[in-house]
Amino acid sequence: MTETKAPLLLVVDDEINTTIMLQHIFTREGYQVVSANDGFEALDYARELVPDLILLDILMPGINGFDVLVSLRENPVTANIPTIMLTANAREPADVAKGLKLGADDYLYKPFAPQELLARVQSKIRAHQLEMALQRRTQELEALLRVSDKLNEHLAVGELAGIALQLVVDLLPADLAVLYVLDEGHVIDVRSQHGKA
């Protein structure tokens, strides 16, 4: 039986009492929690830890939550991390619309009910996990279709080995794969690089 890792949350708020309260709520529910008290620290943690979800306050000194969100969405490492914006002051519909247009996944006003926050976090994490699983499955199916098409075109051993290697490189985290094929006493060296058939 495999042990599932507790989801990691990044809580970003310049109010220490808020981060302590959120840390308490989520650790009690079995989450791992890391807190940041400003936007720059939040960006560093997000890139380094790639959390399962970010709870992001809007009004912070230095760099506000909107700017943090823009930086998160521009970086390929952090672009898809679900982010819930937390705000006590930005209650105007235009503020909510701005956050959603910048890529926020949800909005929650302070003060909030802990059970509502927990439910929203669980929902966003689950939706993100399903989306990532669907993307992986789509990539696998696309790779299988490419291989099927190539197999219809080529039947030589060296070519088949090359196709098999390209599939391995596409599906596994590798930049280069090498296969040695013994063919009637001759060694055929087949190599495949990521992105090259």
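**Figure 1. Burial and overall architecture of the predicted chain.** Of the 197 residues of the chain, 36% count as buried (buried, under 20% relative accessible area; exposed, over 50%; partly exposed, in between; 1.4 Å probe, protein chains only). The model is predicted, so local features need pLDDT of at least 70 and side-chain atom pairs count only at pLDDT 80 or more, whereas totals for chains, interfaces and linings use all residues. Residues are numbered from 1 along each chain as its sequence is written, and side-chain values use heavy atoms, with hydrogens and water left out. The secondary structure comprises six helices and seven strands (DSSP runs numbered from the N terminus: helices, H or I, at least four residues; strands, E, at least two). From the N terminus on, the order of the elements is β-α-β-α-β-α-β-α-β-α-α-β-β. Among contacts between residues at least 6 apart in sequence, 56% join residues at least 24 apart (contact, heavy atoms within 4.5 Å).

**Figure 2. Packing of helix α2 against helix α3.** The axes of α2 (residues 39–49) and α3 (residues 65–74) come within 10 Å and cross at roughly 20° (axes are lines fitted to C-alpha atoms, for helices over the stretch in contact, and angles run from 0 to 180 degrees between N-to-C directions). That angle makes α2 roughly parallel to α3 (under 35 degrees, roughly parallel; over 145, roughly antiparallel; 65 to 115, roughly perpendicular; the rest, oblique). The crossing of α2 past α3 is right-handed (the near helix is turned clockwise from the far one by less than a right angle; left-handed if anticlockwise). On the α2 side, G39, L43 and A46 meet V68, S71 and L72 of α3. The residues of this contact divide into four nonpolar, two polar and no charged (nonpolar: Ala, Val, Leu, Ile, Met, Phe, Trp, Tyr, Cys and Pro; charged: Asp, Glu, Lys and Arg; polar: the others, Gly among them).

**Figure 3. The two faces of helix α2.** Residues G39, A42, L43 and A46 of α2 are buried. Seen down the helix axis, the buried residues of α2 fall within an arc of 100°, so they line one face (the arc is that of the directions from the helix axis to the C-beta atoms). An α-helix has 3.6 residues a turn, so residues three or four places apart point the same way. The cover over the buried residues of α2 includes β1 (8–12), β2 (32–36), β3 (53–57) and α3. F40 and E48 are exposed on the face of α2 turned away from its buried side.

Figure 4. L10 is placed in β1 and counts as buried, at 3% relative accessibility. L10 and A46 are 36 residues apart in sequence, yet their C-alpha atoms are 7.4 Å apart in space. Leaving aside residues up to four places away in sequence, L10 touches several residues, including V34, A36, A42, A46 and L55.

Figure 5. V50 is found in the loop between α2 and β3 and has a phi near 45°, a positive value in a residue other than glycine. V50 is partly exposed, with a relative accessible area of 38%. A cis peptide bond, with omega about -10°, joins K110 and P111. P111 lies in the loop between β5 (106–109) and α5 (114–153). Most residues other than glycine have a negative phi, and most peptide bonds are trans.

**Figure 6. T18 in helix α1.** T18, in α1 (residues 16–28), counts as buried at 9% relative accessibility. T18 touches D13 and K110, not counting residues up to four places away in sequence. T18 and P111 are 93 residues apart in sequence and 10.0 Å apart in space, C-alpha to C-alpha.
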